[in-house]
Amino acid sequence: MSLLTVGLNHHTAPLSIREAAAFPAEQFASALDDFLRLPQIREGAILSTCNRTELYAIVDDEASRADDGGLREWLCRQRGLEPDTLTGCFYVHHGRDVVRHSLRVAAGLDSMILGEPQILGQMKDAYRSAQAARGAGPLLTRLFEHSFTVAKAVRSGTDIGANPVSVAYAGVSLARQIFTDVSASSAMMIGAGEMIELTARYLAEIGVSRMIFANRSIERAQELATRYHGYAIALDDIPRHLAEADLLISSTAAPGYLVRARDLKSALKQRRRKPMFVLDLAVPRDIEPASAKYEDVYLYSVDDLQSVIDDNKRSRAAAAERADEIIESRIDEYLEWVDSRQATATIRALRQTAEAHRADVVAQARRRLARGEDAEAVLEFVSRRLTNKLMHEPSAVLRKAVGARQQRLLGPARELFGLTDDAAEPTNQDDESS
C-alpha cells in the first residue's frame, strides 16, 4: 500500500476553479462516503477549504502504479469539472512528499497568509470527519496526529505565529487603506463561522462600533451580535439593511450568491453614492461578481489580498525557513514508524511460518516415537528436519538470484543470520524440500 495526495490550491488554481472544486458542507459527508467506496482506497480523507481541496489516501499497490491512483478523475466527476480545463491545476504527491506536504499545510507554511492558524483547525475537522466515516485507519491516523504535533512544535519553536495574521486580518487591513477612519463606519458581516468571528474581533480592535450580523441561524448571529455590541438579522433581511453597510464582509458555505448585483445597486442608490467596501471571503463566492461594475463598490475576493499577503511573507520569511528545517527533521519520524509497522507484520508472518514448521515436525516426531523408534534418532531427525524446513526457502531464493540481485541479497542475508565475514562457506549438501 502507498501514501498518496491529490489536490489543488491557491498556488495552482484561480478562485473560479477552487470554488468549483470545493465541497459544500451539505454534500461533504456523501462525497467522503463515495470517495471511501473507491475500490483502490484503503484509507482516505478529504480536506476542503476556501483555498484548497485535497484528497489524502492509502491506496493499494495496483493503484499506486498510476500517477494519481485515479483520484483526479474521481474529483472531477464528483464536482462536475472538465479534466481538460484543469491542466496544471492539480498536484500529486507520493510517499515522503505526502508527509512533507501534510506537515507544511498543518503548520500554515502552504497557506495564502503564511503561518495562519485556521488551517490547523480545518485539518482537524477533516481528520474527525474521516474518523467518523471509518476512513482514517492506522496510517492516516498517524499521519494527521503527527502533522498536528509538528505544527505545534513549529509554532512554539519559531515566530511564524507571532502576531497572528489571517485572510480576515488582510481584508481589514485593505479596508483601512480605502477608508481612512474606519471607526466611523458601519460593518455588515454575513456568516457566523471562525472567519467572520475573527474579522469582527479585528474590526472591534480598530474601533468599528456598529456591526450587523446576518446568518442562516439567527441564534448564532445573535451570539456574535451580543459579544460585539451589534444586532442580528436573518439572511432574507440582507437587502433591506445593505444601505447601512460601509463595510460588507461575507464568508459562508452557501452554494449560491447571497448578495446580488441588483441588491447592491439598490443600496448604493439609498446611500447616495457613498462608497462601499465589499470583501467576499467565501468559496464559492457569496457576492455576485458583477457587483464590481458599480463605480462606488470596492469588491475584493480572497485572491485580491495579494499585497497584504506579500508583506506578511516578507516579515515571516526567516521564521518560515526555520519552520521548514523543523519539518524536514520530523518527516522521517513518520516514515520510520511506517517501516517499523511493516517490519512487525513481516516478523509476525515469519514466526507464524516457523511455528507451522515446528508443529509439523513435532507431529512427525511423535508418530515415530509411537512406532517405537529410538529417541536419540528421533531427536536427530527433528533437528535436521526443522533446520531444513526453516532454511529451504531463503536458500532457494539466494541460489536462484544471479548477478547484481544476488549481491544485493547476500549482504542483508548475512546480517539477518548474524554471519561474520570469516564464517565457513556452505557445503554443497542440498536442503530437503519437505
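## Close-up views of a predicted model

**View 1. Strands E1 and E4 side by side.** Strand E1 (residues 2–9) runs antiparallel to E4, and 4 bridges join the two. Strands count as paired here if DSSP finds at least two bridges between them, and the names follow DSSP runs numbered from the N terminus (helices are H or I with at least four residues, strands E with at least two). Look for Val6, whose bridge partner in E4 is Val92. This is a predicted model, so local features need pLDDT of at least 70 and side-chain atom pairs count only at pLDDT 80 or more, while totals for chains, interfaces and linings use all residues. Residues are numbered from 1 along each chain as its sequence is written, and side-chain values use heavy atoms, with hydrogens and water left out.

**View 2. The parallel sheet.** Here 6 strands make an open sheet with parallel pairing, ordered E7-E6-E5-E8-E9-E10. Strand E7 (231–234) and strand E10 (297–301) sit at the edges with a single partner strand each, so one side of each has no neighbour in the sheet. Strand E9 (residues 276–280) pairs with E10 over 5 bridges, and Met276 stands opposite Val297 in E10. Helix H8 (residues 167–178) packs on the sheet, touching strand E8 (247–250), E9 and E10.

View 3. A search of the whole structure turns up 0 disulfides (pairs of cysteine sulfur atoms within 2.5 Å). The sulfur of Cys89 is 9.4 Å from the closest cysteine sulfur, in Cys76, and that is too far for a bond. Cys76 counts as buried because its relative accessibility is 3%; buried means under 20% relative accessible area, exposed over 50%, and partly exposed in between, with a 1.4 Å probe and protein chains only. Cys89 is buried too, at 6%.

Conventions
Contact means heavy atoms within 4.5 Å. Axes are lines fitted to C-alpha atoms, for helices over the stretch in contact, and angles run from 0 to 180 degrees between N-to-C directions.
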